[in-house]
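User: Good morning. Could you take me through this structure, one topic at a time?
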Amino acid sequence: VLDTQAFVFTANGRPGPRAHTLKDFTGLLAALPAERQLGHLQRHDFSRWIEDVFRDRPLASHVHTVEDLAGQEPVREVVQAIAQAIRARYETAADR
């Protein structure tokens, strides 16, 4: 996607790495520290970005549900579940 639509991971209000594709996004989910992702999870930033930019409502809805687990499950497990959902949706579709 264009730079203006890229997902920007922030820390303390400062912009950090950008994800232009879902592949970039899942890679950054795996690479960035959990504390950098917690605020995004709590604000449902990931599901909102998927819906707004990629218009994938079913995936965004699923990710939104997973984001709700951020207060109950370790952040690392929550972001792994999100990455897995993205890979399952698009890698399976690409295989068809």
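Predicted model: local features only at pLDDT ≥ 70, side-chain atom pairs only at ≥ 80, totals over all residues.

User: How many residues does the largest nonpolar core have?
Analyst: That core has 24 residues. A nonpolar core is a set of buried Ala, Val, Leu, Ile, Met, Phe, Trp, Tyr and Cys residues joined through side-chain atoms within 4.5 Å. Buried means under 20% relative accessible area, exposed means over 50%, and partly exposed lies in between, with a 1.4 Å probe and protein chains only. The residues with the most contacts inside the core are Phe 9, Phe 25, Leu 29, Leu 41, Phe 46, Ile 50 and Ile 82.

User: Which elements give two or more residues to this core?
Analyst: They are strand 1 (7–11), helix 1 (22–31), helix 3, helix 4 and helix 5 (75–95). Helices (H or I, at least four residues) and strands (E, at least two) are DSSP runs, numbered from the N terminus. Helix 5 gives the most to this core, namely 7 residues.

User: What is Phe 25 in contact with?
Analyst: Leaving aside neighbours within four places in sequence, Phe 25 is in contact with Phe 7, Phe 9, Ala 19, Phe 46, Trp 49, Ile 82 and Ile 86. Contact here means heavy atoms within 4.5 Å.

User: And Ile 86, is that residue buried or exposed?
Analyst: Ile 86 lies in helix 5 and is buried, because its relative accessible area is 3%. With the neighbours within four places again left aside, Ile 86 is in contact with Leu 22, Phe 25, Thr 26, Ile 50 and Leu 59.

User: Let us turn to packing. At what angle do helix 1 and helix 3 pack?
Analyst: The angle is about 170 degrees, and their axes are 13 Å apart. Axes are lines fitted to C-alpha atoms, for helices over the stretch in contact, and angles run from 0 to 180 degrees between N-to-C directions. Helix 1 and helix 3 are therefore roughly antiparallel; angles under 35 degrees count as roughly parallel, over 145 as roughly antiparallel, 65 to 115 as roughly perpendicular and the rest as oblique.

User: Which residues meet there?
Analyst: Leu 22, Phe 25 and Leu 29 in helix 1 meet Phe 46, Trp 49, Ile 50 and Phe 54 in helix 3. By class, this contact has 7 nonpolar, no polar and no charged residues. Ala, Val, Leu, Ile, Met, Phe, Trp, Tyr, Cys and Pro count as nonpolar, Asp, Glu, Lys and Arg as charged, and the others, Gly among them, as polar.

User: What about helix 3 and helix 4?
Analyst: Helix 3 (residues 45–54) and helix 4 (residues 57–67) pack at about 175 degrees with axes 8 Å apart, and these two helices are therefore roughly antiparallel as well. The contact of helix 3 with helix 4 has 5 nonpolar, 2 polar and 4 charged residues.

User: New topic: where is Gln 37?
Analyst: Gln 37 is in helix 2 (residues 34–42). This residue counts as buried because its relative accessibility is 0%. The Gln 37 side chain reaches the backbone oxygen of Leu 29 at 3.1 Å.

User: Lastly, where is Pro 15?
Analyst: Pro 15 is found in strand 2 (residues 14–19). Pro 15 is exposed, with a relative accessible area of 63%.

Terms used:
Residues numbered from 1 in each chain as written. Heavy atoms only, no water. Polar contact = N/O pair within 3.5 Å; in protein donor to acceptor, adjacent residues only side chain to side chain.
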